[in-house]
Each structure stands twice: as C-alpha cells, then as structure tokens.
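Student: I would like to go through the terms used for this model and see what backs each of them.
Tutor: Then let us start from the structure itself.

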Amino acid sequence: MRFQNEWLKRGLIAALLTSTALPAYAQDAAQRADAQLATMSLQDQMSLVFSRFGGGFGGDAIPAGALGSAAFLQPTPHHGLPTLEITDAGLGVGDPRHLRPDGLVVSLPSGLATASTWDVDMARKGGTMIGNEAWRTGFNVLLAGGADLTRDPRNGRNFEYAGEDPVLTGRIVGNTIAGVQSQHVITTIKHFAMNDLETSRMTMSANIAPAAMRESDLLGFEIAIETGHPGSVMCSYNRVNDLYACENAYLLTKTLKQDWKFPGFVMSDWGADHTTARAALAGLDQESSGDTIDSRPFFGKALADAVQKGAVPKERVSDMARRVMYAIYDAGLSEHPPVIQPVDFAADKAVAERDEEEGIVLLKNTHDLLPLHPDARVLVVGGHADAGVLSGGGSSQVNPPGGNAVPLKDKNLPWPGAPVYFPSAPFKAMQALAPGRVTYDPGTDLRKATTAAHRADAVVVFATKWSFESADSPDVSLPDQQDVLIAALAKANPHVIVVLETGNPVLMPWLPNVQVVLEAWYPGSDGGTAIARVLYGAVTPSGHLPMSFPQSAAQLPRPEIPGVKADTVFDVQFHTDQEVMYDEGSEVGYRWYDHTHQQPLFPFGFGLSYSQFQFDDLHTMTTAQGVSASFTVHNTGKREGAAVPQIYVTLPDGGGRRLAGWARVTLAPGTSQTVTVPLEPRVFARFDETAGNWRIPAGDFVVRLASDAQSSGLTQTLKLDSTTIKP
Ligand code: BGC
C-alpha cells in the first residue's frame, strides 16, 4: 500500500526521537537513559536489542543466566544494567518452563472477566498482584497487557483481552499495566496491532482504512498506553495493510512513537521479526528470542553488519538502546531487582476471587431464582464442576498448584496441550455454603442426569468451551453436545441455572427454557468460590458484558472467518497470503449492531443484579477540560449492589453509538448518588488521516445514559462546534 510504504521511507527520521519530544512524565528516566547512552559503545548498545530464548529450546538445557522462561537478555556488564528476565503473561506468571520451587502462583480470571467488572481499581489491583508475583518469582519483564479488540467472537485469544470497545479496553488494560509497572516490572502492551484473529496469525493481513483503525483498535492501545505507561509494546505476528506489524512504520513510528510520543521500546512477538534493516528502520527496537524462534537472528550480528554497511544508521541503534534503558529506569529495575521469595498465596488468591466475583455477568434471572436458598436441593451437572474451573490455553497459561485438576488422558498433545482446570471446584464451594443440599452428576449420561434433575429443586449446569492461542473456534456454539444436555435438563426441571465458563460469547438455543444464565468466563485460581458466592447471594452480581453476544453468526460482519478454516490445528497459523478485510471499519461490536439495526442476543454493557437501579437527571457540561455528564443513580431494590450506568454518544453524521464513559456506583438499598463522568473526547471525533489529528464535527450529538449499548435510556442533545484535538 502506497500510504504505508511512504511511512516506511519517512519512518527513520521520526524514529530518531530525542527525549525532549517526550511527555513530561517520561523526562527523568529519559534523561538517565541519555546520560548512560553517552558512555556506551555500539556493542554495549547492541546488547540491549536482542533477547534470547530463556527456556531451553527443544529440550536443550536452560541457558546460563536465564531463569527458564520466554526470554532473557544480558546487557554487557560494565554499565550496571540488569539482566532482563522476561515471562508470560497477562493473567499471572505463566511460564510453564519456570515453576517456582513451591509451585504457588495465582491466576487472575480471564481478561474478559476483569473487563466485565468495568472497575479500573480492580484492574489495577489485579495488575499489582501479578506484577508482584512476577517480581517474587525473579522476573522483571511481564508480557501482559493484551489489548486487541474483539472483532470476531471466535478469536481464540479474546479471553486474554478486554472486549470490543476501545475506551473500556484502554482503561481496563491501562490500569492493569499501571499495576504491574508499580512493582518494578516492565510490562508490554500487545499485540500491536489488529491481531484480532488467530487464523493464519503469522501471515494474515488485516486490511483496514487507517482512520478507522485509529478510531477503534488503535484508540484502545492509545488510551491504555496513556493510562498505564508500559515500558514496552509488542508488535504482532500478522500483517497490517500488507506490511508485517513489526516492520510497519505507520504503526511503530508514525502512530506510536511520533503521534503518541511513546518513550519505551517495541519488542517483536516471538517469531514476528522477518528482517533486519526493514524492521529496524520501521521502528522495531528489540528482537525477542531471536536466537531460536525467528527464522534466523536479525538483530544480533546481522544488525551489526547492517550498521557497518550503512543500511541502518548507528543513531537508530542508539535510539533502540535508549528506549530499552528508558523502560528499565522508568520501572526502577536497577534499584529494585527481583528477590525470589514466596508469594502471599492466600492474599493473592483473594484478589483473583474478588476480580471474578465482580466480573461474573448475570444475563437472565427469571422470577429471581437466584440467589439460591441454602435449603434448596440443588443438583450440579457437568463442566468438571466437582474438580475445578477451566482456563484458556496458550502462552498466558498459569500452572495450577498441584497440576491440572482434571488430569490429561493424553499427555503427548502438541502445544498448547489440553484444557487446564484450576482446583477450585464450584461444587465443593457450593456444598460449603449449603451443607448436605448439593449433589453432583457429571452430565455424561443423559438419562442419569435428567433422572437426578427430576428430584432436585434447582439444577445448576456448568457449560464449558475452551479457547486457546493459535486457533479460532470454527463457530459460536457450545461444543460436545452441551446444548442437548442443557435442553434435556430444562425439560426435566423448570429451574435450570446455566453457568458458562467460556472465552467468548456462545449461542443459547435453550435460552427460553432455562431460568438463569451466568457468564463466568474463565474464572481464575479461586473461581469456584466466586461462582458459589454469587449463586448463594454472598455477592450481588455487578458484571456487565464487554462484548455483544450474537443471535447467530449471520449477524457478524463476517459470518465466516476468511481464509483457512481453523480446525484447531496448530499449523493453520502458518498458511500464507490470507487477508481479512475489516470493511466495518471502526463500527466494531455493538457499534456494528447499532449501525446495521440488528438486535444481538445480549448487548454490550448488559448485566443484571439482584437489586434494581434507576438513573435520572442527565445533564451534560462543556468546560475547557471537555465534556462531562452528570446523573443520579438510585438503588430501588432490596439489596446492596453496584450499578454501571454507561454514557454513549452518537455523532451528528451518524454511525453506531460509542461508549464515552461510565461510572461504577455501589449503593445500599433505597439510597441514591449523583455522579459526574468525564467523557472521552476522541469518541466525539473522527480521525482525519490527512491532517493527522482528531476532528470533532460541528452539530448535534446525542448523549445517552443507559444500562447497555442497545437500550434507549435517557438522552440529551449536545451542540458542539467543530474542534480539533491533537493526537
Ligand atoms: C505470543 C505472545 C507471548 C509470546 C512469548 C507468542 O506466541 O503471541 O503473546 O507473549 O509468545 O511466549
């Protein structure tokens, strides 16, 4: 594409940023990096731009100096710079190659659960917890911060991310990042950018108009970076408008470093670098695990040769090294080296449990069947609920202490192996809350399960769907005949409660026949306890969907995933020449449903409570600081609970409504609170690619206060003049 190739040519100039162009918060660390750089030889600088695989490749011994993880990097010794010990990932210390001696690490629930909390403080607490566990395990770089948007509810990695909206994603992921970085651990934000499918992920070209990309996927990254200040950005495997993300100057140099003034470094995803000069000139600063995973090393000797030949100016290498040192100093890695020690397992598990409790979304609760009475005779069915809770697969996998709660039959499965369950059994947690009243049936024999269902006051059926890195799901349905099981149970007993443990939305053909649906996502280390506490009312649910649930795949912008069908074969990633046309542009998720006048099964933002809330008195205010909305929230129900009133904006020139802000308000029954919510200005604007800035169009904006993205709520018309916002 001509547009992006121009940026490749011009990229170099912009890549040679000096610290004076950086945001104020970055000045101190940048000055330290500059001072250090002045004392370093080119060889010293080169030692910062190439990491090696830390885990022992293909059964080799773990290299000297490495802890045994995704990567490590040893700077030349005489500058006091720390070795970088780099580990996965966003839900906890996930590197299966490096187990703590005591095996105790905690996994947060899936990123979707954290996003469903709409609670930025919770996200920060979770990030702080996993950052601290990384530090206590000996790591100073955590590959967390997944921020790709849900453009397809079949994407195998959606569970690691934060849903379909850029503002929700930006704020949730940004706060997680801030939490990690507060523990003297550099974090990434990944996978930059448009890595919204796993199908053919190594080569797929995600094609989209640049302005639409700025208003959607890139806006999520932009807000997360502003909020969390990650030391690093990980460029993704896929191509974006033909060019590999790790050699895409429009993304790495123009957008990230020039427009957003990102002071840190860009690291490649494992196997995502394909060139030396091209990647270096486009803005890649560090090749990850370059000794083993890329087709050959590009930033080691090859980079030195390229500098020698003049293909890469040595100033570019200095800029790479300066950026890596900036991240080291900004997170305080030299002053606070990791100290291997036990984690506070009980306290950390409590953080994960709380995150899950806030993130469970109540989708249906006919006749207030929930919360369950402790005297009710409850039959629990399926989902290995007697053993544990499911987790998503791939590099984000955290190892459960004591191993998989549902042991594998086949131990020789190719990566990413088989589904892993954390030993936090919902059944056992329910028994503890209702002693003697809860029984279990595995759901494998339909006749036995339905016979038992006849005798119960209520049936809680656990339905699971495993998602994992490297492949997308071929459909949006529950696998393994679970729809048949649920339908049969609903025939046998009118009081069926479905608990979903999924990494994506699923279709619900049985929905009219069940009384309750809870989306528990992948619930994390203590998820069984969290689910039981919601079922029995120790916790009032307050989660809200971070993605729309479709009625059928026909409602999606692409009813089928383009390219090679992902039949869960790992090799499917490597098929070449695939492309996906994101013609929906920035109309992602609920914006798409609104724009195309379709009704999803459950809209973005939706979530019920055991209490009821009303909103009124909507006002909008425009000040020099921007637009904000104020309104009053009333708890009109009988229980304490948290409401999540949301503000959506429709632009004068149309398009789908856009989330501009929200509040999370906890209220005792019968009480009210008036809140003021600052609204994200870029949501009012369109990105002008020619001028390179955001432009708010003049005219009447509809500002809507609602409990989800579909309901009509309360509206106000807001007249604005045309304004320009600098990127
Ligand atoms: C994944 C990254 C991960 C890296 C290191 C890649 O395959 O895409 O998310 O951090 O591996 O394990």
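**Helix packing, cavities and a pocket**

Tutor: Helix H14 (residues 426–433) and helix H17 (residues 527–535) have axes that come within 8 Å and cross at roughly 45°. This is a predicted model, in which local features need pLDDT of at least 70 and side-chain atom pairs count only at pLDDT 80 or more, while totals for chains, interfaces and linings use all residues. Residues are numbered from 1 along each chain as its sequence is written, and side-chain values use heavy atoms, with hydrogens and water left out.

Student: Why are H14 and H17 called oblique to each other?
Tutor: Angles under 35 degrees count as roughly parallel, over 145 as roughly antiparallel, 65 to 115 as roughly perpendicular, and the rest as oblique. The H14 and H17 axes cross at roughly 45°, so the pair is oblique. The axes are lines fitted to C-alpha atoms, for helices over the stretch in contact, and angles run from 0 to 180 degrees between N-to-C directions.

Student: Which residues of H14 and H17 meet?
Tutor: Pro426, Ala429, Met430 and Leu433 of H14 meet Gly528, Thr529, Ile531, Ala532, Arg533 and Leu535 of H17, where contact means heavy atoms within 4.5 Å. By class, this contact of H14 with H17 holds 7 nonpolar, 2 polar and 1 charged. Ala, Val, Leu, Ile, Met, Phe, Trp, Tyr, Cys and Pro count as nonpolar, Asp, Glu, Lys and Arg as charged, and the others, Gly among them, as polar.

Student: What angle do H2 and H12 make, and what makes them oblique?
Tutor: Helix H2 (residues 27–37) packs on helix H12 (residues 314–330) at about 130°, with the axes 8 Å apart.

Student: Which residues make the contact of H2 with H12?
Tutor: From H2 come Ala29, Ala30, Arg32, Ala33, Asp34, Gln36 and Leu37, and from H12 come Ser318, Ala321, Arg322, Met325, Tyr326, Tyr329 and Asp330. The contact of H2 with H12 has 8 nonpolar, 2 polar and 4 charged residues.

Student: What makes a space a cavity, and what makes it a pocket?
Tutor: On a 1 Å grid over the protein atoms alone, a cavity is a set of points where a 1.4 Å probe fits but cannot get out, whereas a pocket is an open set with protein on both sides within 12 Å along at least five of seven lines. Lining residues have an atom within 4 Å of a point. The whole structure holds 8 cavities of 30 Å³ or more.

Student: What is known of the largest cavity?
Tutor: Its space is about 170 Å³. The largest cavity is lined by 20 residues, and Gly90, Gly111, Thr114, Glu160 and Thr176 are the closest to its centre. H5 gives the most to this lining, with 4 residues. The lining of the largest cavity divides into 9 nonpolar, 9 polar and 2 charged.

Student: How many residues line the second largest pocket, and which element gives the most?
Tutor: The second largest pocket has a volume of about 830 Å³ and is lined by 38 residues, with Pro419, Tyr421, Thr464, Pro479 and Asp480 nearest its centre. Strand E15 (458–464) and helix H16 (482–492) each give two or more residues to that lining, and E15 gives the most, with 4 residues.

Key. Points joined across faces, edges and corners; volume = space filled by probe spheres on them.
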